[in-house]
Amino acid sequence: MSTLVIPGDEITINPDVPVILGPGMYNDPVTRDILPVNAGILNTSNSKKGQTIYVEYDSKRYTPAVGDLVVGIITGSFADSYRVSLANFSTPVSLSYMAFPNASKKNRPTLVIGDLVYARVCTAEKELEAEVECVDSTNGSDAGFGLLDGGMIIEVTLGFARSLLFNNEFPLLRDLAQHCKFEIAIGVNGKIWIKTDEVKDTIACYRSISDCQGKSYDQFRDIIKKHFQEVTTTVEE
Amino acid sequence: MAKDIEISTSESKFILEALKQNYRLDNRTFDQFRDVKIQFGEELGDVLIEMGKTKVHCKISSSITEPYEDRPFEGLFFISTESSAMAGPQFENGNNTGEDEVLISRIIEKAVRRSGALDIEGLCIVAGRKCWAIRANVHFLDCDGGFVDASCIAVMCALLHYKKPDITVRGEKIIVHPVEEREPVPLGILHIPICVTFSFFNPMDMEENVKGESNSEIVIIDASLKEELLREGVLTVTLNKNREVVQVSKAGGLPMDALTLMECCHKAYSITETITNQILKEIKIDNEKRDKYSAILSSENARETS
Amino acid sequence: MSRLEVYSPEGLRMDGRRWNELRRFETSINTHSHASDGSSYLEQGNNKIITLVKGPTEPTLRSQLDQTKATLQITVNLTKFSKFERSKTTGSTKNERRILEIQTALVRTFEKNLMLNLYPRTIIDIEIHVLQQDGGVLGTLINGITLACIDAGIAMYDYISGVSIGLYDTTPLLDVNSLEEAAMSCVTLGVMGKSEKLSLLQVEDKLPLDRLENVLAIGIAGAHRIRDLMDEALRNHAQKRISNASNK
């Protein structure tokens with residue numbers, strides 16, 4: 001069951017259970033009312049700790065939040081950090097040389113300008129420049145972060161990227177996997193990196209993922225099939 | 001233009017690699033021009049052109065003014081191109097002095113105005129005293145490459161579509177008849193220039209391009225935004241249906257073999273032909289739609305011709 | 001005969017040249033050795049230009065700093081007294097669209113020829129003063145820059161030579177002057193060395209498509225001739241400098 005909420009709507013919640021507020025929700029400090037501040041689909045879930053409530057909304061502009069997995073482009077390098085762009089025309093974030101697995105003062109990472117990295121947002125204070133890291137500082141593992149070599153970038157809306165990454169029922173990757181094998185890194189900043197063995201497969205994946213945005217699940221299979229057929233016929237011509 | 005869009009090395013390498021293997025991201029062949037969608041507005045001379053995601057709007061307006069002193073028998077014709085942040089965040093509001101903006105407006109100026117596509121002598125009303133001033137305002141609404149091509153089509157469509165009010169001259173006095181009173185008159189169009197833009201990519205290194213004999217450079221027609229950002233050279237050819245070269249502009253960039261460039265010009269001609277025909281056809285359809293009284297006013301007898 | 005004849009039936013042009021003849025081409029190199037790092041003075045017919053190259057130097061603005069290659073900046077100063085009649089426009093011509101277009105075209109032409117990747121984080125500033133103009137200025141500007149850059153010692157792949165060709169009826173006329181330029185449609189070429197590769201190609205007026213190939217062929221031949229003239233001038237100049245140096 002999905003309910004659409006719009007900023008200012010009234011929300012009925014069970015007052016006896018503690019409430020955890022997620023993105024898109026706001027607690028008025030005076031009246032103690034809980035109000036949605038973004039337009040989207042209302043999500044509620046109950047757990048032992050209490051009820052979680054948040055708004056799932058789709059936007060184009062990315063704002064960093066702690067714990068987000070992102071794909072960024074290195075745009076500059078300084079004495080002790082890289083500058084990383086997470087989205088065009090947005091404030092860049094920084095990536096410290098020490099935020100790599102096995103990093104030390106002598107052991108510098110070898111990324112160059114223009115490289116793609118998969119990283120995790122570690123600080124995101126609104127007054128400060130956000131920081132990302134290529135090592136999971138919560139447990140010290142490298143967790144697949146770091147340089148993304150080769151491949152191609154697809155830009156999608158933030159909501160689409162989130163459902164691709166978190167929604168286990170989302171059939172797109174499963175359907176794609178039936179056509180070719182690929183490596184993929186999904187950034188919640190709306191950038192998806194994909195790499196396959198052959199250029200034509202990457203092209204087909206690129207077109208399929210771009211086209212599947214905003215379509216219903218049952219259309220995915222046909223879209224993917226169409227694009228894979230197209231790339232094979234172009235070769236034969 | 002488009003300076004701040006960041007493209008990663010992987011992405012640029014991939015696009016070039018795909019081009020080497022004959023693929024373009026949007027499933028077009030190298031010589032394929034995007035489909036042009038022409039939409040006419042309610043008013044005359046109001047046109048919206050769509051080519052893929054690129055959107056360009058053009059509106060023609062006219063007024064009566066005094067001609068230039070040194071050209072008493074000619075009317076005035078201005079084209080102003082305006083890029084605003086509406087077309088994309090890479091464009092700055094009110095800043096039209098960027099390299100690309102200047103090149104775009106100069107090419108359109110040369111293609112349409114300097115080539116005499118509009119009969120400006122026909123805009124003269126009283127020599128040295130009164131003439132029509134025609135203005136074309138081009139606005140870029142959305143950007144996915146190919147601005148020059150799209151805006152040239154937009155200006156030409158709008159000029160063909162526009163009709164200025166009819167006038168009567170009695171000595172010094174000029175009477176302008178409202179559109180409701182008298183059928184307005186179309187502008188005199190002498191030829192229809194069409195711009196076709198080619199983008200060049202270098203699959204090898206610079207040395208091979210300068211010294212090599214292979215001429216392996218990749219040539220594609222009507223690049224999309226990403227391709228425009230990555231291309232190493234660009235050539236805009238403007239032709240009309242009479243097999244005339246109206247304007248050619250290759251302002252630097254990758255050095256290209258003269259024969260390849262000639263080949264581009266010939267390819268451009270067939271595209272010019274198709275687009276000209278499409279424009280004329282759509283103008284005709286729109287005119288018929290507007291001309292609701294023609295059936296009544298027609299002097300021919302309606303006769304079955306079976 | 002009151003009207004000047006562009007091309008007489010005997011095959012002579014207004015200034016007495018034949019269709020395939022270039023104008024007088026005279027050049028001096030290293031004319032402003034104190035003020036700049038490389039300079040040239042070029043007379044191509046009645047076109048007279050001074051080119052000064054400064055650089056590679058540290059850029060004054062941060063925005064001009066490129067991590068991977070040198071930034072190329074070209075400023076063209078068309079002086080007001082350069083034409084037959086003094087230009088009436090008040091104020092500077094610096095921001096005129098036509099000048100901006102020429103500058104952009106020159107930058108993009110030389111960006112691919114100069115090996116800018118050898119001088120990262122610097123700026124190369126080229127300044128051109130047009131003292132007198134008489135048709136085919138863009139071509140002359142290209143030649144001037146080529147000579148000055150060689151003098152400045154900036155690494156480049158090859159010469160770029162520029163020339164304008166007009167088409168009179170069906171006869172292509174090489175290296176047009178301003179009277180010819182006004183009377184017919186012209187093509188400007190920038191040719192890379194001795195190859196048939198065009199770095200710059202500009203057609204500004206109507207021209208039959210089927211004649212274009214012919215015009216290009218004449219133009220390329222003319223540009224190759226200009227390249228030889230530049231080469232000769234440079235070698236003469238270099239010879240002088242070498243003999244001066246060995247006398248010490």
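The crossing of α1 and α2 in chain C is right-handed, a crossing being called right-handed if the near helix is turned clockwise from the far one by less than a right angle, and left-handed if anticlockwise. This comes from a predicted model, in which local features need pLDDT of at least 70, side-chain atom pairs count only at pLDDT 80 or more, and totals for chains, interfaces and linings use all residues. Residues are numbered from 1 along each chain as its sequence is written, while chains are lettered from A and ligands numbered from 1 in the order in which they are written.

Helix α1(C) spans residues 97-111 and α2(C) spans residues 137-152; their axes come within 11 Å and cross at roughly 45 degrees. (Helices, H or I of at least four residues, and strands, E of at least two, are DSSP runs numbered from the N terminus; axes are lines fitted to C-alpha atoms, for helices over the stretch in contact, with angles from 0 to 180 degrees between N-to-C directions.) The two helices are therefore oblique to each other, given that angles under 35 degrees count as roughly parallel, over 145 as roughly antiparallel, 65 to 115 as roughly perpendicular and the rest as oblique. On the α1(C) side, C:Ile102, C:Leu106, C:Thr109 and C:Phe110 make the contact, and they meet C:Leu138, C:Leu141, C:Ile142 and C:Ile145 of α2(C). Residues count as in contact if their C-beta atoms, placed from the backbone, lie within 7 Å. Sorted by type, these residues are seven nonpolar, one polar and no charged. (Ala, Val, Leu, Ile, Met, Phe, Trp, Tyr, Cys and Pro are nonpolar, Asp, Glu, Lys and Arg charged, and the others, Gly among them, polar.)

Helix α1(C) also packs against another chain: helix α2 of chain B (residues 99-114) meets α1(C) at about 115 degrees, with the axes 9 Å apart. That makes α2(B) roughly perpendicular to α1(C). Here the crossing is left-handed. From α2(B) come B:Glu99, B:Val102, B:Leu103, B:Ser105 and B:Arg106, and from α1(C) come C:Arg97, C:Leu100, C:Glu101 and C:Thr104. This contact has three nonpolar, two polar and four charged residues.

Now for the whole meeting of chains C and B: 32 residues of chain C touch 30 residues of chain B. On the chain C side, α1, β9 (197-203), β10 (207-208) and α4 (209-247) each give at least two residues. The largest share, nine residues, belongs to α1(C). The chain C side comprises 15 nonpolar, five polar and 12 charged residues.

Chain A meets chain B too, with 21 residues of chain A in contact with 16 residues of chain B. At least two residues each come from β7 (69-77), β13 (152-155), α3 (199-212) and α4 (217-236) of chain A, and α3(A) gives the most, six residues. The chain A side splits into nine nonpolar, eight polar and four charged residues.

As for domains, chain A is divided into domain 1 (3-56), domain 2 (69-148) and domain 3 (152-236), with bounds from an automatic or database domain assignment. The centres of domain 1 and domain 2 of chain A, taken over C-alpha atoms, are 33 Å apart. An unreviewed UniProt entry lists "domain: K Homology" for residues 151-199 of chain A; UniProt positions follow the numbering used here, feature names are shortened, and annotations may be inferred rather than shown by experiment. That span is 33% helix and 31% strand, with its end C-alpha atoms 9 Å apart.

Key. Two residues are in contact if their C-beta atoms, placed from the backbone, lie within 7 Å.
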